[in-house]
Amino acid sequence: MSSVADQLTSVLQKTARLIELCGALQEENELLKLENESIKVALDASKTKNADLEEKLRVLKLAKSIEGTSEKTLDIKQKINDFVREIDKCVVLLKK
């Protein structure tokens with residue numbers, strides 16, 4: 001009978017140990033959930049910051065392209081004026 005009592009004690013000790021391990025794992029799980037949540041918040045903040053920076057970059061590129069075309073705009077205006085003069089000459093010739 002001593003053997004059954006020893007086995008029962010062993011089972012009770014192992015059960016108690018499993019209960020302790022389960023509690024520890026639940027605590028660790030809760031900590032990991034909190035850590036996961038804080039990482040998600042940080043990721044969302046990073047995504048927002050990234051979107052803002054991409055928008056600023058787009059605006060800067062647009063500003064640079066407009067800035068760089070001021071000389072091109074003058075050239076284009078000059079060419080348009082030349083074409084208009086040529087057209088006017090052609091119209092005068094056609095009226096004769």
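Helices, in the sense used here, are DSSP runs of H or I with at least four residues, strands are runs of E with at least two, and both are numbered from the N terminus. The structure described with these terms is a predicted model, in which local features need pLDDT of at least 70 and side-chain atom pairs count only at pLDDT 80 or more, while totals for chains, interfaces and linings use all residues. Residues are numbered from 1 along each chain as its sequence is written, and side-chain values use heavy atoms, with hydrogens and water left out.

**Overall form**

The protein contains one helix and zero strands, and helix H1 comprises residues 2-95. Along the principal axes, the C-alpha trace spans about 135 × 25 × 15 Å. The radius of gyration is 40 Å, whereas a compact globule of 96 residues would have a value near 12 Å; this radius is taken over C-alpha atoms, and the globule rule is 2.2 Å times the number of residues to the power 0.38.

Of the 96 residues, 0% count as buried, where buried means under 20% relative accessible area, exposed means over 50%, and partly exposed lies in between (1.4 Å probe, protein chains only). The accessible surface of the protein comes to about 9,200 Å², and 64% of this area belongs to carbon and sulfur atoms. Accessible areas come from the Shrake-Rupley method with a 1.4 Å probe, and for residues only the protein chains shown count as cover.

**The annotated segment**

An unreviewed UniProt entry carries the annotation "coiled-coil region" for residues 36-63; such positions are given in the numbering used here, feature names are shortened, and annotations may be inferred rather than shown by experiment. In the model, the chain over residues 36-63 is 100% helix and 0% strand, with its end C-alpha atoms 40 Å apart.

**Salt bridges along the helix**

The structure holds four salt bridges, a salt bridge being a side-chain nitrogen of Lys or Arg within 4 Å of a carboxyl oxygen of Asp or Glu. Among them are the following pairs.

| Pair | N to O distance |
|---|---|
| Arg17 and Glu20 | 3.5 Å |
| Arg58 and Glu55 | 2.7 Å |
| Arg85 and Asp82 | 2.9 Å |

Arg17 and Glu20 both lie in helix H1, three residues apart, which is about one turn of the helix. Arg58 and Glu55 are separated by about one helical turn because they are three residues apart in helix H1, and Arg85 and Asp82 are likewise three residues apart in helix H1, so about one helical turn separates them.

Several of these side chains belong to partly exposed residues: Arg17 has a relative accessibility of 46%, Arg58 has 46% and Glu55 has 39%. In the pair formed with Asp82, Arg85 is partly exposed at 45%, and Asp82 is partly exposed at 34%.

**Nonpolar patch and cysteines**

Ile76, Ile80 and Val84 form a nonpolar patch on the surface, with about 260 Å² of accessible area together. Patches are made of residues with over 30% relative accessible area and no salt bridge, like charges being joined within 9 Å and nonpolar side chains (Val, Leu, Ile, Met, Phe, Trp, Tyr) within 5 Å. Ile80, found in helix H1, is partly exposed, with a relative accessible area of 46%.

A search of the whole structure finds zero disulfides, a disulfide being a pair of cysteine sulfur atoms within 2.5 Å. Cys22 is partly exposed at 40% relative accessible area, and Cys90 is partly exposed at 43%.
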